[in-house]
Amino acid sequence: MILLNKGVAENSRVIRVHGSKPKYYQHVLGYNSRLDELQAAILNVNFKRLPEFPDLRRQKAVFSSPNLCKVIF
């Protein structure tokens, strides 16, 4: 990551190491999120289909809305 703002760069580094600046002292909430190969492969396929997703959601909503009104909870 290339950042020109030193403050943003420092905050990014701190968040990257789970919020800890001196080791084992977390002064901000950091993240432990990793993307494995399987997730990356699925995302690669889905990114190609990304423009289709809003239309699919609309189609499902057109079908679901009237039918869900009939359901008693």
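Helices (H or I, at least four residues) and strands (E, at least two) are DSSP runs, numbered from the N terminus. By this definition, the secondary structure of the chain comes to three helices and zero strands. Along the sequence, the pattern reads α-α-α. The structure is a predicted model, in which local features need pLDDT of at least 70 and side-chain atom pairs count only at pLDDT 80 or more, while totals for chains, interfaces and linings use all residues. Residues are numbered from 1 along each chain as its sequence is written, and side-chain values use heavy atoms, with hydrogens and water left out.

Confidence was examined next. The predictor's confidence in each residue is given as pLDDT, from 0 to 100. The chain averages a pLDDT of 81. Of the residues, 88% score at least 70. Among the helices, α1 (residues 6–16) has the lowest confidence, with a mean of 82. Helix α3 has the highest, at 89.

Accessible areas come from the Shrake-Rupley method with a 1.4 Å probe; for residues, only the protein chains shown count as cover. The accessible surface of the chain comes to about 7,200 Å². Carbon and sulfur atoms hold 62% of this surface. A residue is buried at under 20% relative accessible area, exposed at over 50%, and partly exposed in between (1.4 Å probe, protein chains only). Buried residues make up 7% of the 73 residues in the chain.

A nonpolar surface patch of about 400 Å² is made by Leu35, Leu43, Phe47 and Leu50. Patches are made of residues with over 30% relative accessible area and no salt bridge; like charges are joined within 9 Å, and nonpolar side chains (Val, Leu, Ile, Met, Phe, Trp, Tyr) within 5 Å. Leu50 lies in the loop between α2 (37–48) and α3 (53–68). Leu50 counts as partly exposed because its relative accessibility is 45%.

Charged pairs complete the picture. Side chains of opposite charge can pair when their charged atoms come close. A salt bridge is a side-chain nitrogen of Lys or Arg within 4 Å of a carboxyl oxygen of Asp or Glu. The structure holds two salt bridges. One joins the side chains of Glu52 and Arg49 (3.4 Å, N to O). Glu52 is partly exposed, at 40% relative accessible area. Arg49 is also partly exposed, at 34%. The other salt bridge joins Asp55 and Arg58 (3.0 Å, N to O). Asp55 and Arg58 are three residues apart in helix α3, so about one helical turn separates them. Asp55 is partly exposed, at 44%, whereas Arg58 counts as exposed, at 51%.
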